[in-house]
Structure formats: structure tokens, C-alpha cells
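I opened my notebook for a first look at this structure. Here is what I looked up, entry by entry.

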Amino acid sequence: MIIEEQAKIIGAVTEVATKVEIYCPNCGRDVDETELSAKKCNDCGTDLSQPEQHVAVAVTSVPAFAITF
Ligand SMILES: [Zn+2]
């Protein structure tokens with residue numbers, strides 16, 4: 001599942017857009033909202049209470065950095 005959030009104002013002037021991708025920590029498959037709320041991967045049955053999340057942050061549409069939790 002990919003959650004995209006378009007440009008919003010953080011603080012006074014910084015404009016950022018974030019994109020969060022959520023993967024199964026076991027098989028690495030993109031999970032959807034249903035699987036996430038059920039906390040279970042439909043493919044491998046892994047518990048998704050702590051899914052793998054990749055957050056990309058873009059400032060003024062130029063990717064600045066990516067954080068992996
Ligand atoms: Zn899985």
C-alpha cells in the first residue's frame with residue numbers, strides 16, 4: 001500500500017510531500033489496507049502489527065531523503 005500525502009505546510013514555510021509505502025516484513029509484498037487492519041499478510045500469514053514502512057519525504061517536489069523505520 002502506498003499512502004501519498006501532497007504538499008502540506010510544516011512550520012512556517014517548509015512545504016513537503018510524503019509518501020509512505022507499507023510492506024510485509026516477511027515476504028516484502030506491498031500490503032493493502034484490508035491486510036493492514038487485519039494485521040495479517042494474505043500471502044504468507046505474517047503478523048502485520050509492526051509492518052515495514054518506507055517513508056519518502058520530498059521538499060518542493062525534489063526528493064531530499066528517505067527514512068527506513
Ligand atoms: Zn507476507
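Predicted model: local features only at pLDDT ≥ 70, side-chain atom pairs only at ≥ 80, totals over all residues.

**Entry 1, Lys-19.** I set aside the neighbours within four places in sequence and found Lys-19 in contact with Ile-2, Glu-4 and Ala-56; contact is counted when two C-beta atoms, placed from the backbone, lie within 7 Å. Residues are numbered from 1 along each chain as its sequence is written.

Lys-19 sits in strand E2, residues 14-23. Helices (H or I, at least four residues) and strands (E, at least two) are DSSP runs, numbered from the N terminus. I also checked Glu-5, which is 14 residues from Lys-19 along the chain, and the two C-alpha atoms are separated by 6.1 Å.

Why does Lys-19 count as partly exposed? I noted that it does so because it has 16 C-beta neighbours inside 10 Å. The cut-offs are 20 or more other C-beta atoms within 10 Å for buried, 12 or fewer for exposed, and partly exposed in between, with C-beta atoms placed from the backbone.

I found Ala-17 partly exposed, because 16 other C-beta atoms lie within 10 Å. Ala-17 and Val-57 are 40 residues apart in sequence, yet their C-alpha atoms are 5.9 Å apart in space.

I counted 1 helix and 4 strands, and along the sequence they follow the pattern β-β-α-β-β. Of the 69 residues, 9% count as buried.

Which residues make up the largest nonpolar core? I listed 5: Ile-22, Cys-24, Val-31, Cys-41 and Leu-48. Such a core is a set of buried Ala, Val, Leu, Ile, Met, Phe, Trp, Tyr and Cys residues joined through C-beta atoms within 7 Å. Beyond four places in sequence, Ile-22 touches Met-1, Val-31, Leu-36, Pro-51 and Gln-53.

I looked in the loop between H1 and strand E3 (52-59), where Lys-39 has its place. Phi of Lys-39 is near 55°, a positive value in a residue other than glycine. Most residues other than glycine have a negative phi. Lys-39 counts as partly exposed, because it has 13 C-beta neighbours inside 10 Å.

The mean pLDDT (the predictor's confidence in each residue, from 0 to 100) is 80 for the chain, and 71% of its residues reach 70 or more.
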